[in-house]
Structure formats: C-alpha cells, structure tokens
Amino acid sequence: MIFSKKEDIHVKPDIQVVVAGVQHLRYVDEINDTIEKASKERGTGIARRTHEYIATKISEGKAIIAIDGEKFAGFCYIETWNDGRYVANSGLIVHWDYRGHGLARRIKLMAFDLSRSKYPNAKLFGLTTGLAVMKINSELGYRPVTFSELTDDEQFWKGCQSCVNYDILLRMNKTKCLCTGMIYDPAWEVKKKKRKTPFKIYKEWLEKRKNEKLNFGAIDWKKIIVLGK
Ligand SMILES: CC(C)(COP(=O)(O)OP(=O)(O)OC[C@H]1O[C@@H](n2cnc3c(N)ncnc32)[C@H](O)[C@@H]1OP(=O)(O)O)[C@@H](O)C(=O)NCCC(=O)NCCS
C-alpha cells in the first residue's frame, strides 16, 4: 500500500495523547493485537509482547496512549537498558483509522518528553526501517549512528531474534543490519548551551567594557593627587 498523507487535517486535535494510567489497562489486548497485526503486515515478524509486559508499562507510567473518545488510536512505551543509561521508545503503533494525521509525531514527542523527565541523563535510541520514525526522530534531535553507539545490553539485542532479518544481524556480527540506529544524547544540549554565539561574545565584551569604565569612574582622583604630593 502506498502511504498517503491526509492533507485536510494534519493534526486531529480531538484525539487525546496522554501518559497512560491504570484506567487504560482495558486497552492492553487491543494494543497488542494492533502491534502484532501491523508487524505481520510489514513482514518484520516482531514478537508479540505479553499482556503483563504492556500492562506493567502502563501501570508504571511508562507508556503513552492516544484515545479518540473511547476508541484506541495509538501507543508507545519506554524501555530502559544498561541500568537506565540507555532508553528506547518502543512499540510505536497508530491504528489504521488514524494514520497520516500527525498522531505518531504527537505520541513520539510525548514519549520523548516523558523519557527526558524520567531519565534526564540517559541516551535515547531506537532502531527502525520506517521513514516516518526516521523523520520524527530527526525532528526530535536524534542522529543516525552505527550500532556501536547503541546499547550493548544483551537483553535489547535479544529482541531482534524474532525479526525476519536476524540472520543478517548475526552475519554482520551485530555491527549493522537493515535497520537504522538513531540516538539522542542529552550531553549535546549541554555542549550547545556552552557554545557561545558571536552575539553572546560581543555582549560579554560590551558588559566587560562597561564595568571597566564604571571602575575607572569610581577612582577617587583627588585622593590620588593629594597622596602624590
Ligand atoms: C509508522 C506509523 C507509526 C506512522 O503513524 P502516523 O500517525 O501515520 O504518522 P504521522 O502522521 O505522525 O507522520 C509523521 C511523518 O511521517 C510521514 N509518514 C507517516 N507514515 C509514513 C509511511 N508509511 N511512509 C512514509 N512516510 C510516512 C508523514 O508524512 C509525516 O511526515 P511529514 O509531516 O514530513 O509529511 C504508523 O503507520 C504505524 O503504526 N505503522 C505500523 C507500526 C510501525 O511501523 N511502527 C514503527 C516501528 S519503528
């Protein structure tokens, strides 16, 4: 199927995108079914998550859900690796009825903010073959990287075992595969803040000059002249 963007309403404002809570546990099976059906459709063969796994993510406040009234529209959850030093926003799914309206972008943005507030020092990363996710991640500040930059947590890479391309990953000694690895490192923000713009340098220079002038004016010249006599 060729992807078609719905130009009429880019963002459907009536759809609520929120951090999922226990009141959303009733959607777990529908979420899981939708993820499984979509993965079969894409031919990726990603393993079905257990009911408990998704339910725990929701109960722990580590998931984002999109709801249209009572109808399930989209979902995504947070996973942590290497003791919380690496965070992935996984299981992104938008129900077919709601695709092409910017909903994935809204979900990913909220998952990004939630991840940043829960794990401010963690590197956020993901693996994808999808253009939509690549676009959204780039907008959020992710950069494409080689797999060497991603988590080395064995548990994460075990998740690839059910993928149809797993043999390629193994043949490449887990250094590359068909997915693109993307990462967002919060340390980049610190560097960005520290980096001075020409305007900032000029402002600081002006400020310094102003202070020097002030100090110069504060000198009691009469005293100096008297002392000099
Ligand atoms: C991929 C998916 C989440 C996109 O959801 P969506 O709500 O339709 O996406 P959005 O409307 O927010 O689109 C975001 C951007 O991606 C683009 N996009 C969306 N789906 C696309 C597709 N299938 N192919 C190419 N570009 C796509 C949009 O045009 C938009 O970019 P633009 O604003 O620059 O034009 C949805 O199709 C889905 O659930 N797919 C099955 C599961 C999946 O692939 N998950 C990702 C696993 S990594």
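**Entry 1. Contacts along the chain**

I looked up how far apart in sequence the contacting residues are. Among contacts between residues at least 6 apart in sequence, 72% join residues at least 24 apart. Two residues are in contact if their C-beta atoms, placed from the backbone, lie within 7 Å. I note that this is a predicted model, in which local features need pLDDT of at least 70, side-chain atom pairs count only at pLDDT 80 or more, and totals for chains, interfaces and linings use all residues. Residues are numbered from 1 along each chain as its sequence is written.

**Entry 2. Elements and burial**

I looked up the helices and strands and found nine helices and seven strands. These are DSSP runs, numbered from the N terminus: helices are H or I with at least four residues, strands are E with at least two. I then looked up burial, and 26% of the 229 residues count as buried. A residue is buried if 20 or more other C-beta atoms lie within 10 Å of its own, exposed if 12 or fewer, and partly exposed in between, with C-beta atoms placed from the backbone.

**Entry 3. The largest nonpolar core**

Which residues touch the most other members of the largest nonpolar core? I found I31, A63, I64, C76 and I107, out of 39 residues in that core. A nonpolar core is a set of buried Ala, Val, Leu, Ile, Met, Phe, Trp, Tyr and Cys residues joined through C-beta atoms within 7 Å. At least two residues each are supplied by α1 (28-42), α2 (51-59), β2 (63-68), β3 (71-81), β4 (86-94), α3, β5 (123-128) and β7 (180-184). The largest share, seven residues, comes from β3.

Neighbours within four places in sequence aside, C76 is in contact with A63, I64, N89, G91, L92, I107, K108 and A111.

**Entry 4. α1 against α2**

I looked up how α1 and α2 pack. Their axes are 9 Å apart and the angle is about 120°. Axes are lines fitted to C-alpha atoms, for helices over the stretch in contact, and angles run from 0 to 180 degrees between N-to-C directions. The angle therefore makes α1 oblique to α2. Angles under 35 degrees count as roughly parallel, over 145 as roughly antiparallel, 65 to 115 as roughly perpendicular and the rest as oblique.

The crossing of α1 and α2 is right-handed. A crossing is right-handed if the near helix is turned clockwise from the far one by less than a right angle, and left-handed if anticlockwise. On the α1 side I list V28, D29, I31 and N32, which meet H51, I54 and A55 of α2. By class, this contact has four nonpolar, two polar and one charged residues. Ala, Val, Leu, Ile, Met, Phe, Trp, Tyr, Cys and Pro count as nonpolar, Asp, Glu, Lys and Arg as charged, and the others, Gly among them, as polar.

A55 counts as buried because 20 C-beta neighbours lie inside 10 Å. Beyond its neighbours within four places in sequence, A55 is in contact with L25 and V28. From A55 to G21 I find 34 residues in sequence and 9.5 Å in space, C-alpha to C-alpha.

**Entry 5. α3 against α4**

At what angle do the axes of α3 and α4 cross? The axes of α3 (residues 103-118) and α4 (residues 131-140) come within 10 Å and cross at roughly 45°. So α3 is oblique to α4. This crossing is right-handed. A104, R105, K108, L109 and F112 of α3 meet A132, I136 and L140 of α4. The contact has six nonpolar, no polar and two charged residues.

**Entry 6. V87**

I found V87 in strand β4. V87 counts as buried, with 27 C-beta neighbours inside 10 Å. Apart from neighbours within four places in sequence, its contacts are I78, T80, S115, Y119, A122 and L124. V87 and R116 are 29 residues apart in sequence and 9.2 Å apart in space, C-alpha to C-alpha.

**Entry 7. Positive phi**

I looked up D83, which is not a glycine and has a positive phi of about 55°. D83 is in the loop between β3 and β4. Is D83 buried or exposed? D83 is exposed, with 8 other C-beta atoms within 10 Å.

K174, also a residue other than glycine, has a positive phi near 60°. I place K174 in the loop between α6 (166-171) and β7. K174 is partly exposed, with 14 other C-beta atoms within 10 Å.
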